[in-house]
Amino acid sequence: MLNATPDTILPEDKLNIHSIESFGTYDGPGIRFVVFLQGCPFQCLYCANPDTMRFEDGKSYSMQRIVEEAEHMKSYFANGGGITISGGEPCCQAKQLITLFKNLQSKGIHTCLDTNGNVMNHYVEEMLEYTDLVLLDVKHIDSAIHKKITGKPNEKTLAFAHYLEEHQKPFWLRYVLVPELSDDPKHLHQLGQYFQSFKQVQKLEIQPYHKLGVHKWELLGKEYPLKDTPENTSQQLEAAKEIFEQYLDEVVIN
Amino acid sequence: MSIGVENNIKEFVKGTWNDTVDVRNFVLKNIAPYDGNADFLTRPTDKTNLLFDICKKAVKEEIENKGVRSIDPSIISRIASHQAGYISKEHEVIVGLQTDELLKRAIKPYGGVKIVEKACQEHGITLDPKVKDVFDNYVKSHNEGVFDAYTTEIRKFRSLGFLTGLPDNYARGRIIGDYRRLALYGTEMLIQAKLDDLEGLVGPMNDSRIRLREEVNEQIKALKEIKVLGDAYGLDLSRPATNAQEAVQWVYMAYLAAVKEQDGAAMSLGNVSSFIDIYINRDMEAGVLTEGEAQELIDQFVMKLRMVRHLRMGAYNDIFAGDPTWVTEAIGGLSLAGGHKVTKTSFRFLQTLYNLGPSPEPNMTVLWSAELPKGFKEFCAQVSVDTSSIQYENDDLMRQTRNADDYGIACCVSFQEIGKHIQFFGARCNLAKTLLLAINGGKCENTGTQVIEGVQALKSDVLNYKEVMDNFRFTMKEMARVYVDSMNIIHYMHDKYYYERAQMAFVDTDPKVNVAYGIAGLSIVADSLSAIKHAKVTAIRDENGLAVDFKIEGEFPYYGNDDDRVDQMAVDITSHFNKQLAAYETYKNAEPTMSILTITSNVVYGKKTGATPDGRAKGVAFAPGANPMHGRDTHGAIASLNSVAKLDYNDALDGISNTMSMVPETLGANQAARVLNLTTILDGYFGRGAHHLNVNVLNRELLMDAMEHPENYPQLTIRVSGYAVNFVRLSRDQQLEVLSRSFFEKI
Ligand code: SF4
């Protein structure tokens, strides 16, 4: 699937996007201009945006226009806000994003990348030079369960984390807490231990599992794999938070 | 003139206000700006709670009784017409009702006796035959005057819905008296000042001079009657207020006189909070007033303002839904010299939304500036998140553009310098229908009536942008001409038959006048033009050649996504039409201004408008004010705000209204994040030169539940274009329209 990534087929000045949210309050610090890119190499069981998975869909969108819209938002970026590129998996369009992030940074706009860490190549490396903050989604610390959730093992994601650490790129960990799937205290401890010594991890965000995307699976004619999974109770969220706090300085429920 | 304020406490700082009527000078000399947070605020006193329980019961009875609790069908309401009325006398620290009984509505037949008669009938009451006889046979009303002068052309524009909501059968409102003057000076000094002005109003005796002399004498009579009104409540209004309680009471009496005389669509209060604060502050420093007592004064004042009522016909509700009175109070802002005008009493006013619960009235309007103190900004945002009862206006923009800092908000969103400026309200014209005239050879799209002569027939059913624009410029020009004519007639007659002597007694003798035109349907027009230009639009015509529908092929950008290709069209149309309006002479040489504001009438405008080239079906409600059309602003809240922010305030000096509705989770994950994000949005939006924002933080589910179970939500308040309403008082159509509006939700 990776060789179908659009960065080789898209025009230089365009991104293949799914949608735009000009008032993002969950994807990075402050108010975010969030661009959701189309296409993802993962197939997460609980994906809230399954319509972003297929690389063949999406619409081509001018990067010039993204820069304009982001510039118009500068007055809203006062509290550390900026642009967040999310998806789908944005690293699949890293080649284009190099130019975009370079441009945005030169205009004083904070750049943030929301990634699952599965794609790493020289484009991604260059893009990261112009990235102020990475939100790294770690779906599971156990590679086998990671594979069950996403369809892929977690080694690349963990390598991505190490790359960020070595290159002194600050990042936030994001962890979706799915009852019965990713909330076993044993694994939460493992994850905490794994990242305990990372200097670049600024915080960990627990993302409560929600079912707001279920209707999108239905629209796509697909069966939602986690039909019977309940949403988190606030006790479950607090319990997970307490565990992570044993290892990391800042843990928030997003 | 010299002020002999008898105070045994500290003297106020002297200034020009001692020699001439100049409340602004008094405020700037004596204000105590407050930079702190809301921690000092107190909960309501037992007396306040007791009174408000009585009010809530009365309001419940009112809702159960088809929206009117009782009517006095005999006494024509004047400043001193009714006996004193109380809620529960021994508990009231601020007294005064419009009639002798809580929520009893009075008749004001000067606007038009037929309307009063009908309003009574709708509630099973017969108008006193004596009143009817007087107005049928001896006294002429505003409504009769207007219709005597209306041309056939104006009538056509009006009855077919091109001009709607004109104040030709109800009072125009909008004029704000400087009610603070009564507290600062008392009637005796104010009368003397008016007499002095009169001395200077000598010949040559032309129309305007004669009229002005008559008006000033009417104002003097009003001031004398205000003294009598005070006597009925045991208050000596002839002298200035001497303490905080009197200051609040005096201001309220001045306002009460206005709402006893007039039933104007909107009768704003002005900007009284920081004025009152000066008296409160002085009493507290002298140790004769506690914080609890200060809050009690404000709570009870606000409670009284919430109980203001006018008698209206049922049909009035179609344009102004929810029985509004628009007691708009402007809070905050900066002075021209740069200091802010936030005081503890600014907080106390907002605190009433907790102490008495959320409410549409008084219409609390925060004059927002980037420079306001942080504690106040955060408190405003918190109150918005909790009650959805506040609107915001850009003080930096208005203060600088208008070069004034002592202003209030007339009606919903309009600047008015207090005591210096007045406004002639002009409702609005339907710009979407004006566009359809351009497509239909000047014929009404619903009836086929020839409304405008001389419009070229389009060469092809596939709409050509240039051809349509040429016609549209012509129909806008004609629309403007007829609109200005109708305004001139209306305000000439209103002055003649229903002059606002009580408000004008508190305004300078020869004030500047703005005439306030308005447009509806801007987003429809912008999207339609965008479709015609960027996609292929074919008119589908009926057997009479009227376009009944439009076929659209291809994509086009929608207004509301920060896309200049269409946003610029909205900007250009606004600017162009505003210039058209300004091209004609006006009554009293009023300066023309225009608003983009619909209040709740966007529903009724939509009903009267056929299918439009943007794909909107016949009868579908417009977006309110300057808002993008529901569901078309797909890039989220900020992109939508940024589209509206492009409209130039100089092209719409009467105001550009925008309403943002958001579910709490979208605004932020927790209360602290919501407050921070909302203040950031406001700073950001106004930083881009935008003018006005209503903020609703509500769940769609909650509104749906309120539709089904109104009894559980008597106080549920939502902000609509320029003011707030009680959700359960809206018609079902209007409720559904609110639900269909863009609610910004997280995916
Ligand atoms: S990585 Fe994100 S976008 Fe991709 S499938 Fe998983 S949840 Fe969906």
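In what order do the six strands of the open sheet in chain B stand? The order is β4-β5-β6-β17-β16-β20, and the pairing is mixed.

**Sheet of chain B**

At the edges of this sheet stand β4 (328-332) and β20 (743-744) of chain B, each of which pairs on one side only. Within the sheet, β5 (residues 363-368) and β6 (residues 391-394) of chain B are joined in the parallel sense by four bridges; in this part of the sheet, Thr365(B) is placed opposite Gln391(B) of β6(B). Helix α14 (residues 374-387) of chain B lies across β4, β5, β6 and β17 (692-697) of chain B.

**Sheet of chain A**

The average pLDDT of chain A is 93, and 96% of its residues score at least 70. Residues 1-8 of chain A, in contrast, have a pLDDT below 50, although this stretch has 19 contacts in the model beyond near neighbours in sequence. Where pLDDT is low, predicted coordinates should not be read in detail.

Chain A holds an open sheet of nine strands, ordered β3-β1-β2-β4-β5-β6-β7-β8-β9, with mixed pairing. Its edges are β3 (59-62) and β9 (251-253) of chain A; each has a single partner strand, so one side of each is left without a neighbour in the sheet. On average, neighbouring strands of this sheet are turned by 30° against each other, direction ignored. Strands β2 (residues 32-37) and β4 (residues 82-86) of chain A pair in the parallel sense over five bridges, and here Val34(A) faces Thr84(A) in β4(A).

Helix α5 (residues 155-166) of chain A packs on the sheet and touches β5 (110-115), β6 (133-137) and β7 (171-177) of chain A. Helix α8 (residues 234-245) of chain A lies across β7, β8 (201-208) and β9 of chain A. The table lists the helix directions for both chains.

| Helix | Reference strand | Angle |
|---|---|---|
| α5(A) | β6(A) | about 155° |
| α8(A) | β9(A) | about 165° |
| α14(B) | β5(B) | about 145° |

**Ligand shell**

Around the ligand stand Cys40(A), Phe42(A), Cys44(A), Cys47(A), Thr52(A), Met53(A), Gly88(A), Asn116(A) and Lys139(A). By class, this shell has five nonpolar, three polar and one charged residues.

**Interface between the chains**

Contacts between the chains involve 20 residues of chain A and 28 residues of chain B. The area buried between them is about 2100 Å², with carbon and sulfur atoms giving 55%. Phe23(A), Tyr26(A) and Tyr76(A) supply 32% of the area that chain A buries against chain B, more than any other three residues.

Methods
Residues are numbered from 1 along each chain as its sequence is written. Chains are lettered from A and ligands numbered from 1 in the order in which they are written. This is a predicted model: local features need pLDDT of at least 70, side-chain atom pairs count only at pLDDT 80 or more; totals for chains, interfaces and linings use all residues. Side-chain values use heavy atoms; hydrogens and water are left out. pLDDT is the predictor's confidence in each residue, from 0 to 100. Contact means heavy atoms within 4.5 Å. A residue is near a molecule or strand if one of its heavy atoms lies within 4 Å of it. Ala, Val, Leu, Ile, Met, Phe, Trp, Tyr, Cys and Pro count as nonpolar, Asp, Glu, Lys and Arg as charged, and the others, Gly among them, as polar. Two strands pair if DSSP finds at least two bridges between them. Helices (H or I, at least four residues) and strands (E, at least two) are DSSP runs, numbered from the N terminus. Axes are lines fitted to C-alpha atoms, for helices over the stretch in contact, and angles run from 0 to 180 degrees between N-to-C directions. Buried area is the accessible area (1.4 Å probe) that two parts lose on being put together, summed over both.
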